[in-house]
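I opened this entry to look at one helix and the packing around it. My notes follow the order in which I looked things up.

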Amino acid sequence: MDVLIVGASGSIGKELAKLYSTKYSHTPDFRLFVTHRRKGFKGPSGAINTFLDYEDERSVAKCLTLLSKEELRPDIVVFCSGFLHESLRRPEKRISEVSAEYLFKSFQLNAAGPLLFFSRIAEMIKQIDSAKVIFLSAQVGSIDDNRSGGWYAYRMSKAALNMAIKSISIEAARWVKPPIVVAVHPGTTVSNLSKRFLGPRISKAQTPAECADKLSSLISSLHFGDSGKFLTLSHSELPW
């Protein structure tokens with residue numbers, strides 16, 4: 001069984017990689033592939049580790065070359081990468097704070113990057129019976145669920161990702177060996193992405209390890225009827 005975790009240097013991706021490594025370390029045919037954007041990052045022992053930055057086409061090409069060389073046959077692919085803010089800029093509270101640079105970066109990292117990378121590993125996925133492809137999205141990307149506005153770049157880029165996931169699931173259903181493709185809201189998790197915004201809610205937020213455990217359980221329970229859905233970790237469905 002081959003598992004590919006895209007964005008394993010993030011809080012959730014790191015814990016998910018650790019969980020899969022521990023759970024399947026004694027399985028003879030298990031291989032864990034992890035990508036990261038952090039210099040000096042080291043994944044779990046035995047993992048096939050590669051740098052991947054959606055903003056650097058050379059790194060994308062090198063990553064794909066490695067996956068091809070290793071003959072990746074991905075039974076499970078989990079896109080864990082995401083971008084919310086930079087050190088000097090927070091999510092927009094009002095329209096006057098929107099900037100082109102921040103919008104473009106958000107779309108590149110949250111929507112265009114994952115979609116393009118998926119398109120380039122699609123042939124590998126097509127070779128697998130019942131492959132599972134999971135994209136970590138966010139409930140704030142749901143148009144129907146938006147009640148407070150703001151966070152323009154993040155909301156819009158996650159909504160774009162959701163549309164891409166839905167379209168992928170429709171096209172992939174026509175493949176000879178169709179995969180299960182879903183969007184997943186990981187819930188409120190204490191991470192580098194979110195901790196600045198949790199405030200008093202931090203005591204009620206789950207840890208990355210708890211999130212990874214729930215996510216792995218969800219992945220195990222996925223079936224073909226779930227493909228094309230936007231799910232929570234408890235397997236309930238969210239509105240697009």
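Predicted model: local features only at pLDDT ≥ 70, side-chain atom pairs only at ≥ 80, totals over all residues.

Next I asked which residues of α2 are buried. I found Ser-59, Val-60, Cys-63, Leu-64 and Leu-67. They lie on the same side of α2, because they cover an arc of only 135° around the axis. The general rule: an α-helix has 3.6 residues a turn, so residues three or four places apart point the same way.

I then looked up what covers these buried residues. The cover includes β1, β2 (31–36), β3 (48–51) and α3.

I checked the length of α2. Its 13 residues reach 18 Å from first C-alpha to last, close to the 18 Å expected at 1.5 Å a residue.

I looked at both ends. At the start of α2, a side-chain oxygen of Asp-56 comes to within 3.1 Å of the backbone nitrogen of Arg-58. After α2 comes Glu-71, with a positive phi near 55°.

I turned to the largest nonpolar core, which has 38 residues. Leu-67 and Phe-117 are among the members that touch the most others. Elements giving two or more residues to this core include α2 (57–69), β1 (2–6) and α3 (100–125). α3 gives the most, with 10 residues.

Last, I listed contacts of Phe-117, leaving out residues up to four places away in sequence. Among them are Val-60, Cys-63, Leu-64 and Leu-67, as well as Leu-4 and Phe-79.

Terms used. Residues numbered from 1 in each chain as written. Heavy atoms only, no water. Core = buried A, V, L, I, M, F, W, Y, C linked by side-chain atoms within 4.5 Å. Buried < 20%, exposed > 50% of the residue type's maximum accessible area, 1.4 Å probe, protein only. Helix = DSSP H or I, 4+ residues; strand = E, 2+ residues; numbered from the N terminus. Contact = heavy atoms within 4.5 Å. Expected span 1.5 Å × (residues − 1). Arc of directions from axis to C-beta. Polar contact = N/O pair within 3.5 Å; in protein donor to acceptor, adjacent residues only side chain to side chain.
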